[in-house]
Amino acid sequence: MKNKLISALIPAYNEEECLYELYKRVTAVLSKLENYDYEILIINDGSKDKTLEILQELHDKDNHIQYVNLARNYGKEIAMAAGFDYVKGDVVVILDADLQDPPELIPDMISYYEAGYDDIYGRRKSRKGETWLKKTTAKLFYKLLQKSTRVDILKDTGDFRLLSRRAVEALKKYKEQRRYTKGFFALIGFKKKEFLYDRDSRVAGQSKWNYFNLFNLAIEGITSFSNFPLRLSSFLGIIVAAFGFIYIVFLVLKTLIFGEPVRGYPTLLSVIIFLGGIQLLSLGVIGEYLGRIFDEVKNRPLYFVEKYSGDEE
């Protein structure tokens with residue numbers, strides 16, 4: 001019987017300090033799997049350091065290493081989409097290049113796959129090397145996302161998971177420009193299995209994710225899978241309008257009954273500023289959704305590839 005092919009799919013951006021250790025540890029695990037051949041597909045997401053040169057060196061030394069060199073930096077979400085298009089495996093494991101997700105857990109994931117599961121995902125018991133603020137904001141984000149959408153997006157889970165071929169084929173059908181892949185994992189369904197693990201610190205280098213990038217990703221997650229912000233704007237408008245109407249009636253009755261003149265320039269100015277803020281907030285929410293529509297209707301390609309090492313074969 002022909003061996004199945006397992007692919008390690010690894011997006012990388014400026015990870016020159018991690019690649020040799022990544023190659024060593026992933027190869028040590030995959031090469032020992034019985035009844036499986038393997039490939040390691042690394043998506044170079046427009047790196048500006050020596051990531052591409054190292055990938056070419058590793059590919060020349062070991063043909064199990066393949067790489068896709070994107071034409072520019074598109075971001076991790078698009079890089080994973082490119083990986084889904086180019087990966088060949090019957091089984092696909094998604095890893096981070098910084099080795100925070102231990103590749104030594106892959107054999108356990110394979111055992112769940114062979115038991116019939118299509119999506120075996122890791123839930124973090126602990127997150128080493130991350131600040132209290134990052135952990136707290138991540139926890140709050142997942143709570144907000146779960147309460148604002150009907151899609152069951154799992155908390156404390158990242159991209160570290162094993163996918164069957166049919167799960168990968170399902171993910172390839174999502175061609176959205178503004179992507180939140182963790183939500184796609186939930187949307188495709190199929191049989192899922194959770195396992196717990198401790199997330200390690202980076203083996204080298206520094207995280208490419210700052211709080212601005214994480215905030216943008218949070219916005220993508222909420223707006224991709226929920227219209228809650230739009231509804232919240234509507235509710236705010238109704239509440240403010242109701243209070244405004246009650247206040248107007250109060251002022252009219254006060255003037256008619258007690259004959260008091262309408263006063264309060266500071267109060268009037270505060271109300272105008274408050275209402276202006278609510279209006280700008282609502283316009284911002286509408287603009288966010290309108291921007292997403294604008295991006296999608298243009299139907300531009302998700303990415304361009306400068307080179308795929310597999311073409312050499």
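**Figure 1. Glu169 and Lys172 in helix H6.** Glu169 and Lys172 sit three residues apart in helix H6, about one turn of the helix. Helices (H or I, at least four residues) and strands (E, at least two) are DSSP runs, numbered from the N terminus. The model is predicted: local features need pLDDT of at least 70, side-chain atom pairs count only at pLDDT 80 or more, and totals for chains, interfaces and linings use all residues. Residues are numbered from 1 along each chain as its sequence is written, and side-chain values use heavy atoms, with hydrogens and water left out. A salt bridge joins the side chains of Glu169 and Lys172, at 3.4 Å from N to O; the term stands for a side-chain nitrogen of Lys or Arg within 4 Å of a carboxyl oxygen of Asp or Glu. An α-helix has 3.6 residues a turn, so residues three or four places apart point the same way. Glu169 is partly exposed, at 34% relative accessibility. For relative accessible area, buried means under 20%, exposed over 50%, and partly exposed in between (1.4 Å probe, protein chains only).

**Figure 2. Surroundings of Arg165.** Arg165 belongs to helix H6 and is partly exposed, with 21% relative accessibility. A polar contact of 2.8 Å links its side chain to that of Glu169. A polar contact is a pair of N or O atoms within 3.5 Å; within protein, one must be able to donate a hydrogen and the other to accept it, and residues adjacent in sequence count only if both atoms are side-chain atoms. Leaving out residues up to four places away in sequence, Arg165 touches Phe84, Val87, Lys88, Gly89, Asp90 and Lys172, where contact means heavy atoms within 4.5 Å.

**Figure 3. The salt bridge of Asp85 and Lys175.** The side chains of Asp85 and Lys175 form a salt bridge, 3.4 Å from N to O. Asp85 is in helix H3 (residues 76-86) and Lys175 in the loop between helix H6 (165-172) and helix H7 (181-187), so the pair ties together parts that are 90 residues apart in sequence. Both partners are partly exposed: the relative accessible area is 27% for Asp85 and 46% for Lys175. Helix H3 itself is mostly covered, with nine of its 11 residues buried; among them are Ile78, Met80 and Phe84.

Figure 4. Asp118 and Arg166 make a salt bridge in which the closest N and O atoms are 2.8 Å apart. Asp118 is in the loop between helix H4 (106-114) and strand E5 (119-127) and Arg166 is in helix H6, so the pair ties together parts that are 48 residues apart in sequence. Asp118 is buried, at 6% relative accessible area. Elsewhere, a network of salt bridges links Asp119, Arg161 and Lys192. The whole structure has eight salt bridges.

**Figure 5. The largest cavity.** Two cavities of 30 Å³ or more are present in the structure, and the largest holds about 40 Å³ of space. On a 1 Å grid over the protein atoms alone, a cavity is a set of points where a 1.4 Å probe fits but cannot get out, and lining residues have an atom within 4 Å of a point. Grid points are joined across faces, edges and corners, and a volume is the space filled by probe spheres set on the points. The lining of the largest cavity consists of Ala81, Phe84, Asp85, Leu171, Lys172, Tyr174, Lys175, Arg179 and Leu302. H3 and H6 are the elements that give two or more residues to this lining, and H3 gives the most, with three. By class, the lining has five nonpolar, no polar and four charged residues. Ala, Val, Leu, Ile, Met, Phe, Trp, Tyr, Cys and Pro count as nonpolar, Asp, Glu, Lys and Arg as charged, and the others, Gly among them, as polar.

**Figure 6. The second largest cavity.** The second largest cavity has a volume of about 30 Å³. Its lining is made up of Leu19, Leu22, Tyr23, Val26, Ile40, Ile42, Leu58 and Ile65, which divide into eight nonpolar, no polar and no charged residues. Helix H1 (19-30) and strand E2 (36-44) each supply at least two residues of the lining; the largest share, four residues, comes from H1.

How values were computed. 1 Å grid on protein atoms, 1.4 Å probe; cavity = no way out; pocket = protein on both sides within 12 Å on 5 of 7 lines; lining within 4 Å.
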